[in-house]
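Hello,

Here is the structure I promised to pass on. My notes on it follow below.

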Amino acid sequence: MTDTLLKPFMTLAETAELIRTRSVSPVEVAEFHLDRIAKLDESLHAFFTVTRDKAMEQAREAEAEILRGRYRGPLHGIPFSVKDMYMTAGVRTTTGSYALADWVPEFDATAVRNVLDEGGVLLGKVATLECGTGASDEGPFPSPTNPWNPAYSPAGSSNGSGAAIGAGLGLLSLGSDTGGSIRLPAAFAGVVGLRGTYGRVSRWGHIALSWSQDVCGPIARTVLDTALAYSAMAGFDPRDPASANLPVPDFTENLSAGVNGLRIGIDENHFFSQEMDADVKAAVWEAVETLRRLGCVIKKIDLPSVAYAHDAQNLIHSSETHAFHRKRIISEPEKYGPTVRSYIRNGALIPAYDYINAQRIRNRVRSEICRSLRDEVDVIASPTAPRAGEKLTEFTTEKRMKPGINLAHTTIPFSQAGVPAISLPCGFSDYGMPIGLQLAGRAFDEATVFRVATAYEQASPWHTSNPKL
Amino acid sequence: MEIIQSISAFEQRVTAAGLGPMDAADLERLKHYYDGAATISTRLFDLVRFDDEPATTFHPGWINPLLTWPEVISSSSPGK
């Protein structure tokens with residue numbers, strides 16, 4: 001009977017309802033997803049480590065609890081994966097690098113622990129670019145491929161999370177985002193990813209990349225699934241000095257409250273430039289038109305400092321990454337792949353005054369965005385990426401680090417501002433790859449971002465499209 | 001950050017930064033990243049104005065954006 005109820009690409013919310021009503025058991029759900037991983041991941045390479053035994057043990061515990069009448073909530077019995085940048089108790093945490101290839105932490109990162117405490121079932125650890133920023137093929141594992149086309153990359157650095165959710169391997173994946181590492185893989189895989197407000201989700205137990213910009217967040221199939229996961233992940237944690245001591249609302253509460261009168265900001269000069277692919281811009285304009293039809297007011301805005309965000313990011317990111325890795329990059333450089341080794345070493349050659357000036361420029365980017373979100377609009381819309389896909393052979397660190405219209409051109413400014421930004425599907429390119437719509441909102445106002453994203457998702461068909469695997 | 005043309009001068013800079021010896025391929029790759037960052041540095045330096053943040057008011061809000069959102073902090077209460 002289970003075979004008729006559990007389907008590939010079912011959402012987290014749909015599966016949770018089946019578990020809640022005891023129509024399926026967490027054990028059946030875990031087996032279903034582990035079987036899909038066994039069948040599909042040999043070619044997809046989304047997973048670094050599959051924790052089958054642990055998952056089945058957690059699923060049996062969830063089943064027993066639910067049968068005893070203790071249903072914890074919508075994540076109870078839900079299979080999820082974790083980017084291999086998060087520490088996981090008793091499960092190796094490699095960061096995609098030989099430098100940590102055999103490291104088994106003794107504790108869980110707070111965000112992982114929060115999901116486990118809600119009853120989540122850990123399927124395993126998924127791929128990351130090496131140390132969250134290097135190449136995807138210079139560490140101990142092969143590069144993940146894009147479920148929509150194996151010749152294409154699922155971007156990065158949460159490439160395993162995007163690939164896994166895009167392929168329907170698990171119902172939720174915990175990713176992390178410094179300059180776009182949740183939103184870009186979500187966009188390329190045709191699913192939903194949220195970078196929340198800086199400080200909303202604890203980073204304790206997540207391997208650092210760039211302290212002043214790193215955030216942890218979810219990738220899932222729909223906006224509702226993402227909101228359910230984010231509600232579980234978020235919360236104050238005194239072990240993370242940037243953690244916000246603020247109440248966490250129920251992010252699913254007003255998802256369908258409508259968007260009538262909400263103001264959507266569009267910066268044509270910087271987020272729809274000539275160098276971006278025409279089909280991407282057309283799909284995002286169509287999405288903006290849909291929001292207008294739903295009652296939103298579309299307003300033009302101007303964020304000129306955004307043009308320098310990528311430059312500032314380069315110096316900040318390199319410096320902070322070097323500070324974190326310095327001891328090991330000096331004592332064991334051979335354990336890092338050539339790409340990330342050079343990138344991390346370069347941070348030592350950036351003087352303090354350049355780092356500080358880059359932060360000053362970043363402050364200007366942040367001020368412009370926050371001012372616009374305070375005085376002009378409720379949400380800013382843009383493409384998530386300037387193109388819909390990138391072939392694996394073209395997804396190189398060198399290309400990512402070039403100034404100009406870089407892959408993270410529209411995601412970096414919101415990382416620097418520390419405000420929440422979501423990516424959700426809004427169409428397909430001429431060559432059949434998914435296109436992402438990015439919606440960014442005010443600090444700690446993820447609720448409005450979720451509300452606008454839900455309105456668009458419900459008015460569009462894209463989230464119902466699945467890759468042929 | 002200055003542009004360094006000569007590879008031997010660059011090697012000295014790398015050694016002074018404590019990065020230790022490395023082979024020619026690594027040195028060349030590192031110089032590629034360095035050249036990119038140095039170009040960026042020049043571009044950004046031209047943008048920074050003295051009146052961006054008067055010295056007496058500059059604070060590390062960029063390290064923790066929470067510090068620059070007083071309207072949020074003033075309404076703070078314990079998290080879950």
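To start with a term: contact means heavy atoms within 4.5 Å. Among contacts in chain B between residues at least 6 apart in sequence, those joining residues at least 24 apart come to 45%.

Two notes on conventions. This is a predicted model, where local features need pLDDT of at least 70, side-chain atom pairs count only at pLDDT 80 or more, and totals for chains, interfaces and linings use all residues. Residues are numbered from 1 along each chain as its sequence is written, chains are lettered from A and ligands numbered from 1 in the order in which they are written, and side-chain values use heavy atoms, leaving out hydrogens and water.

Chain B has 3 helices and 0 strands (DSSP runs numbered from the N terminus: helices are H or I, at least four residues; strands are E, at least two). Of its 80 residues, 35% are buried, meaning under 20% relative accessible area with a 1.4 Å probe, protein chains only.

Chain A holds an open sheet of 11 strands with mixed pairing, ordered E1-E3-E2-E4-E6-E5-E10-E11-E9-E7-E8; two strands pair if DSSP finds at least two bridges between them. Its edge strands are E1 (47–50) and E8 (297–300) of chain A, each pairing on one side only. Strands E7 (263–266) and E9 (379–383) of chain A run parallel and are joined by 2 bridges; Ile264(A) has Val379(A) in E9(A) as its bridge partner. Helix H4 (52–67) of chain A packs on the sheet, touching E1 and E3 (121–126), with its direction at about 155 degrees to that of E3(A) (axes are lines fitted to C-alpha atoms, for helices over the stretch in contact; angles run from 0 to 180 degrees between N-to-C directions).

Best wishes

Conventions
Buried < 20%, exposed > 50% of the residue type's maximum accessible area, 1.4 Å probe, protein only.
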